[in-house]
Amino acid sequence: MPLNYSKWDQLELSDDSDIEGHPNVDKKSLIRWKQRDIHEKRELRKHKIQTLTAQISCNEILLPRIKKILNDLTNPSTSTPAPVYFNSLVDQLQTNPSRDCPPGNDPSKLEQTYDGMLLSLLKMVGEKAREKVKEAGLLEADKDERLTKELAAEMAVHVKQLGETIEKDKKELETEEAEQKKHITMDDLHEGFESKYVAPTPAPPPVPIKSEKGKEKATTIEVLNPESAGSSTSNAPASKSNDDEEDEGLAELTPSLEAFSKISLWDYEKSFQFIQSHRDVYVPGASDALLVAAFTAQGDGKPKYAKQCVHQSLLLQYCEKLGRDGVGLFFKKMVSGDKRALKVFVDDVEGTYKHLVNRVKITQEEANQGREQIQLVPENPNQTISFNVPDGPPPENIVLEGPGTEDMDIEEVRKALQFRWDIFQGFSPELQEALKSGGLDGVNKVLGDMDVPEAEAIVNNLDIAGILSFAEGGVRDETGIDKA
């Protein structure tokens, strides 16, 4: 089988043997000159190719714009004569030019932008057309028509010249590129293939656990004979209570799990895409972390987010139960709309969320039972508590009637009424509604939801403002008394 050595024909070698010089010039200098000549020609060719490429690209952008102007001048509209259109175009390019320019040019310089180049051409065309009209010596009535023809003729000349320039540059570019490919240089070297070992992405760690167990205390006993003591105690196994073994922390949401939990309900495609792009979502403990977040959100009054967390947690649990390819199997059924699978999953989500709501409610009730409260309780069964709620700020004209009002100062009465109204306005809307209803149970319910110091301050303000119907000291503080 003959060997093909033609690929080596493109090598440009600077061998010493192929250099024939003058006997009066040393050979080393001739070799250096030959090498420099090769490199200079190579750089000039590379520069010329870059220049031709940029020139062709620029001219191909300008040529369609010039053709459009020529078409508008050849076929002017009836409302706008060709000279008027030409002058308005020149004014527009002068006053509001675009900063688009070829790569490498400075957009802050008008002459280096496309609009600047077009403006220069239009000025030159306009000057030549006006000179020809002036030399013709026509009447004023015929000047506009002649100017239109001259403008169109000049633009047609430039369209033809620019088209010929583009074709010439393309042929010259092909010639230079063909000449460049005849010689192999360092720029043509590249890696054919290379074998590299890429280590697989390590599996993401499980969800972090927040341990709530305190640090264990160790007791060290100092003895006289450590060896004998160690041998006697070595057979005794370390004891650990079952409570400590079962005392595990709560799984925490990672940033990826938090983003995963905010995906809308029943959006299986988005959940599948998220799991594929975030491997740290499908890890041990992720479903538990989502259930913990659902419990917390439900307790904070965020039922929508709590149900989303339950949905995403069960979604991960189903994938885990289906085995190694559980993610693909589960989402294939969900996305395809398998009615049987959808019904099972939806019922499970609704049932789990309902159970979670009940557990949160029971937990909150148990927490409230052991919490100290402030309640308003009458001194004896025959006594009742009512509330004198102000209807609004004191009126402008206050009339005092009845016995004992002769010596009262109206301004002091006004201040007292305003003081009571200001205190009432400082209460929360829930407490204001409860006071307006006049029911003791409603007021006690609002007070029971407050902390003890805050509730004590509220009761004190009610008494000071005279909103409570009995005198000071008519309230018995049953803080901490378990009425159950």
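Start in the loop that joins helix H7 (255-261) to helix H8 (268-277), and select tryptophan 266, which lies there. The model is predicted. Display the backbone torsions: tryptophan 266 is not a glycine, yet its phi is positive, at about 65°.

Next, select helix H1 (residues 27-74) together with helix H2 (residues 82-95). Their axes come within 9 Å and cross at roughly 150°. Angles over 145 degrees count as roughly antiparallel, and H1 and H2 are therefore roughly antiparallel to each other.

Keep both helices on screen and show side chains. Which residues of H1 meet H2? On the H1 side they are Arg65, Ile69, Asp72 and Leu73. Facing them in H2 are Ala82, Tyr85, Phe86, Leu89 and Leu93. Sorted by class, this contact has 7 nonpolar and 2 charged residues, with no polar ones.

The axes of H1 and H4 come within 8 Å, and they cross at roughly 155°. H1 and H4 are therefore also roughly antiparallel to each other. Look along the line joining the two axes to check the hand of the crossing, which is left-handed. Colour the contact of H1 with H4 by residue class: 17 of its residues are nonpolar, 8 are polar and 10 are charged.

Methods. Residues are numbered from 1 along each chain as its sequence is written. This is a predicted model: local features need pLDDT of at least 70, side-chain atom pairs count only at pLDDT 80 or more; totals for chains, interfaces and linings use all residues. Side-chain values use heavy atoms; hydrogens and water are left out. Helices (H or I, at least four residues) and strands (E, at least two) are DSSP runs, numbered from the N terminus. Axes are lines fitted to C-alpha atoms, for helices over the stretch in contact, and angles run from 0 to 180 degrees between N-to-C directions. Angles under 35 degrees count as roughly parallel, over 145 as roughly antiparallel, 65 to 115 as roughly perpendicular and the rest as oblique. Contact means heavy atoms within 4.5 Å. Ala, Val, Leu, Ile, Met, Phe, Trp, Tyr, Cys and Pro count as nonpolar, Asp, Glu, Lys and Arg as charged, and the others, Gly among them, as polar. A crossing is left-handed if the near helix is turned anticlockwise from the far one by less than a right angle, and right-handed if clockwise.
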